[in-house]
Amino acid sequence: MPTTTSYLSHFAKDVLEGLSAKEKFIPSKYFYDKKGDRLFQQIMHLPEYYLTKKEFEILDKFKDRILAPIIQQEKEFNLVELGAGDGLKTKILIDFLIQEKIKFKYFPIDISGNALEELSKALKKEFPGLGVQPIENSYGEALKMKNWNNGSPSLLLFLGANMGNFNPEGVDNMVQLISGALQAGDQVLMGIDLKKDPELILKAYHDKQGVTKTFNLNVLERINMELGGDFKLDQFKHWPVYNPMTGECKSYLVAMKNQTVHIEGIKKTIYFKKAESIHTEISKKFDLEEVMALAQGHGFEIVKNFLDDQEFFADSLWRK
Ligand code: AVI
């Protein structure tokens, strides 16, 4: 039996669910339309956003040690990447493998066909002989389908602290899915933002130029454009908070006055009380004990944690 909401897109359904909840929320995956992708590229270059720079530093400094365990198997292998994006960080590893004449195939996974097409084109140009098999799918579906299941060993990359954007239950589900998609001996390289001075963390999500603010508000703009909403963006304030106890940096959009918003696409008018908020993102910071518990809890051993000089970020190498 079709439900009354069966005609709605995933986006519409999630917006309806999130904005009807007692504590309003919108899943952060909806930040990433064309404008959101561009804003995130800008964020990665912001002086306050240390995450990308630190992960670059780690991959560049330790590429040989990160790749040594998979290279030592002396077999052609699969380099699988969840959320490949523009692949800039991965190029460091790909470049090294090609220079060392190591045989591998690259399977970038991304929900955005656009991003994959651009990445494949860029890689073909830079590394003409490289075998690239893009997988356009959600992480969950791609991990269930395992298109790289060809008997060769795999190294799965989940970089950029993407794991931090899941809630605690989502983190567990994700690691479970990753484990289910791999064979014994396969490896995972997980990019993780570490707990640190709360001021530095907060600044990364509250930059001076206001790019992160625009990024956060973009989800309301998307609702206006795609679902016929009439959010007034200047009536909502970008508000990130960091809890040093849990390591959770949460972003909100806070209503600056009592107001109603009509969203034609879900046939709903929503009332916002002054100071009421919408939770839009979680960016969890871990300590190494939590990382160890997460890995071991899902049947992985930690081969090594690679850290930058200031110990801001970790690329944690796991073996199943
Ligand atoms: C993609 N993700 C790891 C980023 C983060 O740091 O949580 C998204 C982001 N949100 C605000 N700034 C960057």
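Me: Is Asp 309 buried or exposed?
Reply: Exposed. This is a predicted model, and in it Asp 309 has a relative accessible area of 59%. The cut-off for exposed is over 50%, so Asp 309 counts as exposed.

Me: What does Asp 309 form a salt bridge with?
Reply: Lys 61. The closest N and O atoms of Asp 309 and Lys 61 are 2.9 Å apart.

Me: And where do the two sit?
Reply: In distant parts of the chain. Asp 309 is in the loop between strand 12 (301-307) and strand 13 (313-319). Lys 61 is in helix 3 (residues 50-71).

Me: How accessible is Lys 61?
Reply: Its relative accessibility is 47%. That makes Lys 61 partly exposed.

Me: How many salt bridges turn up in the whole structure?
Reply: A search finds 18.

Me: Give me another. What does Glu 126 pair with?
Reply: Glu 126 forms a salt bridge with Lys 91, with 3.5 Å between the closest N and O atoms. Glu 126 lies in helix 5 (residues 113-126) and Lys 91 in helix 4 (residues 88-99), so the bridge ties together parts 35 residues apart in sequence.

Me: Which way does Lys 91 go, buried or exposed?
Reply: Buried, at 15% relative accessibility.

Me: What about Lys 267, which side chain does it meet?
Reply: Glu 264, in a salt bridge of 2.9 Å, N to O. Lys 267 is exposed at 60% relative accessibility. Glu 264 is partly exposed at 39%.

Me: Which residues do shared partners join into one network?
Reply: Lys 195, Lys 284, Asp 287 and Glu 290. Salt bridges that share partners link them.

Me: New topic. How many helices and strands are there?
Reply: Ten helices and 13 strands. The radius of gyration is 20 Å, close to the 20 Å that the globule rule gives for 320 residues, so the protein is as compact as a globular protein of that length.

Me: What does the C-alpha trace span?
Reply: About 65 × 50 × 40 Å along the principal axes.

Me: How much of the protein is buried?
Reply: Buried residues make up 51% of the 320. As for contacts, take those between residues at least 6 apart in sequence: 71% of them join residues at least 24 apart.

Me: How many bridges pair strand 8 with strand 11?
Reply: Seven, in the antiparallel sense. Strand 8 covers residues 248-255. Ser 251, for instance, has Glu 281 in strand 11 as its bridge partner.

Me: What do the buried residues of helix 1 pack against?
Reply: Helix 9, strand 9 (259-263), strand 10 (268-272) and strand 11. Helix 1 spans residues 10-20, and its buried residues include Phe 11, Val 15 and Leu 19.

Me: Why would residues like that point the same way?
Reply: An α-helix has 3.6 residues a turn, so residues three or four places apart point the same way.

Me: Now strand 6. How many of its residues are buried?
Reply: Seven of its seven. Strand 6 runs over residues 187-193. Gln 187, Leu 189, Gly 191 and Asp 193 point one way, while Val 188, Met 190 and Ile 192 point the other way.

Me: Which way does strand 5 run relative to strand 6, parallel or antiparallel?
Reply: Parallel, joined by four bridges. Strand 5 covers residues 154-158. Leu 156 has Val 188 in strand 6 as its bridge partner. The chain crosses from strand 5 through helix 7 (residues 168-180) to strand 6, and this β-α-β crossover is right-handed.

Me: And how does strand 13 run against strand 6?
Reply: Antiparallel, with seven bridges joining the two. Asp 193 stands opposite Phe 313 in strand 13.

Technical notes. Residues numbered from 1 in each chain as written. Predicted model: local features only at pLDDT ≥ 70, side-chain atom pairs only at ≥ 80, totals over all residues. Heavy atoms only, no water. Salt bridge = Lys/Arg side-chain N within 4 Å of Asp/Glu carboxyl O. Buried < 20%, exposed > 50% of the residue type's maximum accessible area, 1.4 Å probe, protein only. Pairing = 2+ DSSP bridges. Right-handed = clockwise from strand over helix to strand, strands pointing away. Rg over C-alpha atoms; globule rule 2.2 N^0.38 Å. Contact = heavy atoms within 4.5 Å.
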